[in-house]
Amino acid sequence: MLEKVHGYAIPILVIGIPVLAGALLFIWREQSLRSRGVTVRAKCVNKSKTDKGEVRLRLLYEVEGVQYRCDSLPYKAAPVGVGQRLDVIFDSKNPGYSEVADQRTSGIASRIVGGIALLLIVLAGLSLL
């Protein structure tokens, strides 16, 4: 069985390591929002439609005199209009990293991607033996 996997070792390593690193970054950022997240009211400054007819919002919020922006994930119908306010959660140590409060992700997708990448790296390592 290992002989069959051996030919795929390099592609698995080339794909697996970057995917694992990206998943670990998302897991770390998600944990930082969960542990240090601060909720603020952000002002909607722009509303744009996507190709699929969904709406994206651009929100501005201020932390210690510095303005940051947060782009929302697509909405079927925007919850607020331009000039209105919406809650945003930002990382207290890195205020530029934020998410719209009602669109917070569970973090499960990054863990699944990380698990698959780890499995690919282990298979590649076994094939090199």
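Hi everyone, let me start with a cysteine: C44 counts as buried because its relative accessibility is 1%, where buried means under 20% relative accessible area, exposed over 50%, and partly exposed in between, using a 1.4 Å probe and protein chains only. Before going on, a word on the source: this is a predicted model, where local features need pLDDT of at least 70 and side-chain atom pairs count only at pLDDT 80 or more, while totals for chains, interfaces and linings use all residues. Residues are numbered from 1 along each chain as its sequence is written, and side-chain values use heavy atoms, with hydrogens and water left out.

How many disulfides does the structure hold? The number is 0, with a disulfide taken as a pair of cysteine sulfur atoms within 2.5 Å.

Now to the strands, which are DSSP runs of E with at least two residues, numbered from the N terminus (helices are H or I runs of at least four). Strand 1, residues 37-49, runs antiparallel to strand 2 and is joined to it by 6 bridges; for two strands to pair, DSSP must find at least two bridges between them. C44 sits opposite L59 of strand 2. The hairpin of these two strands has 5 residues between them, and there G53 takes a positive phi near 90°.

On its other pairing, strand 2 meets strand 3, again antiparallel, over 6 bridges. V63 faces V66 in strand 3. This hairpin has 2 residues between the strands, and E64 in the turn shows a positive phi of about 50°.

In a regular strand, side chains alternate between the two faces of the sheet. In strand 2, residues 55-63, the covered face holds V55, L57, L59, Y61 and V63, while R56, R58, L60 and E62 make up the uncovered one.

L57 brings in S72, whose side chain reaches the backbone nitrogen of L57 at 2.9 Å. S72 lies in the loop between strand 3 (66-71) and strand 4 (85-91), and counts as buried because its relative accessibility is 1%.

Finally, the rings. The whole structure has 2 aromatic pairs, meaning Phe, Tyr or Trp (six-membered) rings with centres within 6.5 Å; planes under 30 degrees apart are stacked, over 60 edge-to-face, the rest tilted. Y61 and F90 have ring centres 5.8 Å apart and planes at 20°, so they are stacked. That pair links strand 2 to strand 4, with Y61 and F90 29 residues apart. Both are buried, and ring pairs link Y61, Y68 and F90 into a cluster.

Notes: A polar contact is a pair of N or O atoms within 3.5 Å; within protein, one must be able to donate a hydrogen and the other to accept it, and residues adjacent in sequence count only if both atoms are side-chain atoms.
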